[in-house]
Amino acid sequence: MPNHQSQDPKHHLWWKHGIIYQIYPRSFQDSNGDGIGDLQGVIDRLDYLNDGTPNSLGIDAIWFSPTFPSPMADFGYDVSDYEGVHPDFGDMAVMDKLITEAHKRGIRIILDFVPNHSSNQHPWFIESRSSRDNPKRDWYIWRDPGPAGEPPNNWIAVFGGSAWEWDQKTQQYYLHLFLKEQPDLNWRNQQVEHAMHDVLRFWMNRGVDGFRIDVMDRIVKDPEMRDNPPQPDRRWAELAGQMALQRHTQDQDWPDIIDYVRRIRTVVDEFPERMTVGEVFGTPSNIVRYYGGEKLDGLHMGFNFPLVRLYMNRWTAERVRRYVDAFEEALPPGGWPNWVLGNHDVDRVASRLGGGELGQARARMAALMLLTLRGTPFIYYGEELGMANVPVPDDQLQDPARLYGPGRDPERTPMQWTRDGDFTTGTPWLPYGDLSLNVEDAARDPMSMLSLYKRLIWFRRGSDALVHGAYAPVEGTPPGTFVYTRIHNDDRLLVALNFTTDPITIDIPASLKLTELLESTHVDPPVAQQITLHPNEGRLYRLA
Ligand code: TEU
Ligand code: CA
């Protein structure tokens, strides 16, 4: 049986028992009218995020996508100074003020640590590429060409083309698993590893509470740089582009990566109550590897992405329950789950699940599931409004990852504060979406997505069952439904989800006596004891 035991409320830890909110800093709030979000803008909106009352969203931590100096080739994921603040976002004084103001509200700060690659404008790379015998040459991955001048191996970059860029001056290739503006750092060089450990210490000394670790699964690769084998199932190539033409056995999840992960954890553990969550992919057992397996001496969490990869035709009760049980099953005792519906790299959940009214209904049910499963929920800014992908005109697209259609701009558009937008007094760097979805109007509507998120979050904050309780699926419910309990001592709850577009009546086992309907995602709250779920409806019940 999955090991989803209750946890002792005494061991309250912010990153386990709280809710984490991802802010794409460029798109949350602009404070100086340049159309680009910034850290002062976030400070101005902290009371929206948590002012200690149920009028606010009620989150416990903010994960910022990169805030560091960067040429913005990949919008901050090409870092040119790991210990600074990009001038578009502010400066170190504003960052310090943000940390202080957030902490005053009990909000922790998580920064995006980008260790796999730096910007090609980083001083380290400028030195490294200057000559073959520069002391920093080996801080990056340089290799001679093949006999006919070809790249050292067949690795391909996520954003298309070979993962090797020729450097005419020193007559070698350098590796870049992403853009050529993002040269891979050589973590097998201890000087690199130590320099990056010091970056973590720098920020923790300033009060930063944790790190989301970018591309955690690729920071070391096959030391012999052997070719990746082909992906026999070529169907994926059409779906996921060139990357899917290979099985990434040599440049992803390399076996000794866990040694580097453990050493990062050792550094983070030099400071109290810090956390790490790694961007890792694949099966639950692969994700658990980054936790450090049974010893749990790796990352505090590895992102659990299956739900962000689910599109409407795969959004079924059976598949989602399989994901939940598989992750619960794979975690070693004490391992802590996490759940996420969206981020800055994937289509927004309301769009993925069908768009329009259907997408909204499914996103509401997904929110109830996100906030009632066992483990840490991650909310992507705007999700609490029901924001969907925004169709950005081709001439305004800016994401380098445009290999896959419009790229990721549609899920990175400005936060919508009022029906006029109110993200900036200038021209927003990306267009607004449907402004009828905005904080001001939604806060006044008890049936809005925002009101649903606030009720669920504030209920969750006071519920031992949801924060600490055991998870157990209820067997034998009709196809298309996923029903589970969350129980901690006498705090006993049941969640019932209907993934179908038909009403479904569920006979709840007599052993689970429903006493009170606490929440429904349907816009027409049903009679308490009736358990006929509307299409795409989720409900939360108290049990005797
Ligand atoms: O993403 C890693 C990753 O695998 C993504 O590149 C994903 O496959 C891609 O975005 C296509 O949708 C991280 C960051 O989340 C992403 O924003 C960065 O572009 C990337 O790393 C490079 O740092
Ligand atoms: Ca600004």
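Predicted model: local features only at pLDDT ≥ 70, side-chain atom pairs only at ≥ 80, totals over all residues.
Residues are numbered from 1 along each chain as its sequence is written, and local features need pLDDT of at least 70, with side-chain atom pairs counted only at pLDDT 80 or more. Side-chain values use heavy atoms, leaving out hydrogens and water.

Q: Which residue in β6 stands opposite R143?
A: Strands here are DSSP runs of E with at least two residues, numbered from the N terminus, and two of them pair if DSSP finds at least two bridges between them. An open sheet of 3 antiparallel strands runs in the order β4-β6-β5, with β4 (142-143) and β5 (164-167) as its edges. Between β4 and β6 (residues 172-175) there are 2 bridges. Opposite R143 stands Y173.

Q: How far from R364 is the nearest side chain of opposite charge?
A: R364 sits in helix α12 (residues 356-370), a helix being a DSSP run of H or I with at least four residues. Its side chain reaches the backbone oxygen of M447 at 2.9 Å. R364 is buried but has no salt bridge, which would need a side-chain nitrogen of Lys or Arg within 4 Å of a carboxyl oxygen of Asp or Glu. The nearest side chain of opposite charge belongs to E519, at 6.3 Å.

Q: Which elements do the buried residues of α9 pack against?
A: Helix α9 spans residues 284-291, and its buried residues are N286, I287, V288, Y290 and Y291. Just after α9, G292 takes a positive phi of about 100°. The buried residues of the helix pack against α8 (257-268), β9 (301-302), α10 (317-330) and β10 (338-340).

Q: What is the relative accessible area of G302?
A: G302 lies in strand β9. Leaving aside neighbours within four places in sequence, G302 is in contact (heavy atoms within 4.5 Å) with V277, G278, V280, I287, Y291, F327 and N338. G302 is buried, and its relative accessible area is 0%.

Conventions. Chains lettered and ligands numbered in written order. Buried < 20%, exposed > 50% of the residue type's maximum accessible area, 1.4 Å probe, protein only. Lys, Arg positive; Asp, Glu negative; His and termini not counted. Polar contact = N/O pair within 3.5 Å; in protein donor to acceptor, adjacent residues only side chain to side chain.
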